[in-house]
Amino acid sequence: MTSTSSTLNARIVSQVHAEAEIRLPADALASELAIAYNLLMAKAEDPADILELKSLLPWLETHLTKTLNQAINEPGAGKREA
């Protein structure tokens with residue numbers, strides 16, 4: 001992933017959380033960025049293709065928004081049993 005797509009990825013993660021009125025501490029932001037990066041790489045047929053990665057950014061934003069909204073509306077739903 002290039003620095004341009006990494007910047008866009010970071011912008012999307014920050015924007016999705018800001019829209020949900022969630023402020024992430026630096027360590028949580030780093031974790032969310034890693035998750036978003038891994039999702040994007042897994043979705044891409046050719047992770048080295050910057051055009052493909054850019055084309056997947058709207059998908060990433062939608063996916064993150066849905067996941068975050070689900071977590072807000074169903075607190076504890078994603079947690080493992082002890």
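**Fold.** I take helices (H or I, at least four residues) and strands (E, at least two) as DSSP runs, numbered from the N terminus. On that basis I read the elements from the N terminus on as α-α-α. My tally is three helices and zero strands.

**Ground rules.** This is a predicted model, so I note that local features need pLDDT of at least 70 and side-chain atom pairs count only at pLDDT 80 or more, while totals for chains, interfaces and linings use all residues. Residues are numbered from 1 along each chain as its sequence is written, and side-chain values use heavy atoms, with hydrogens and water left out.

**Burial.** I call a residue buried under 20% relative accessible area, exposed over 50% and partly exposed in between (1.4 Å probe, protein chains only). Of the 82 residues, 21% count as buried.

**Helix α2.** I checked its length: the expected span is 1.5 Å times one less than the number of residues. For the 18 residues of α2 that gives 26 Å, and the end C-alpha atoms are 26 Å apart, which agrees. Which residues of α2 are buried? I found A36, L40 and M41. D27 and A42 are exposed on the face of α2 turned away from its buried side.

**Loop.** E21 sits between α1 and α2. E21 is not a glycine, yet I noted a positive phi of about 60°. E21 is also exposed, at 74% relative accessible area.

**Core.** A nonpolar core here is a set of buried Ala, Val, Leu, Ile, Met, Phe, Trp, Tyr and Cys residues joined through side-chain atoms within 4.5 Å. The largest one has 13 residues, and L40, L60 and L64 touch the most other members. α1 (3-19), α2 (26-43) and α3 (50-73) each give two or more residues to this core. α3 gives the most, with six.

**Pocket.** A pocket is an open set of points on a 1 Å grid where a 1.4 Å probe fits, with protein on both sides within 12 Å along at least five of seven lines; lining residues have an atom within 4 Å of a point. The largest pocket holds about 200 Å³ of space, a volume filled by probe spheres set on the points. Among its lining residues I listed H17, E32, L39, H63 and L64. The largest share of the lining, six residues, comes from α3.
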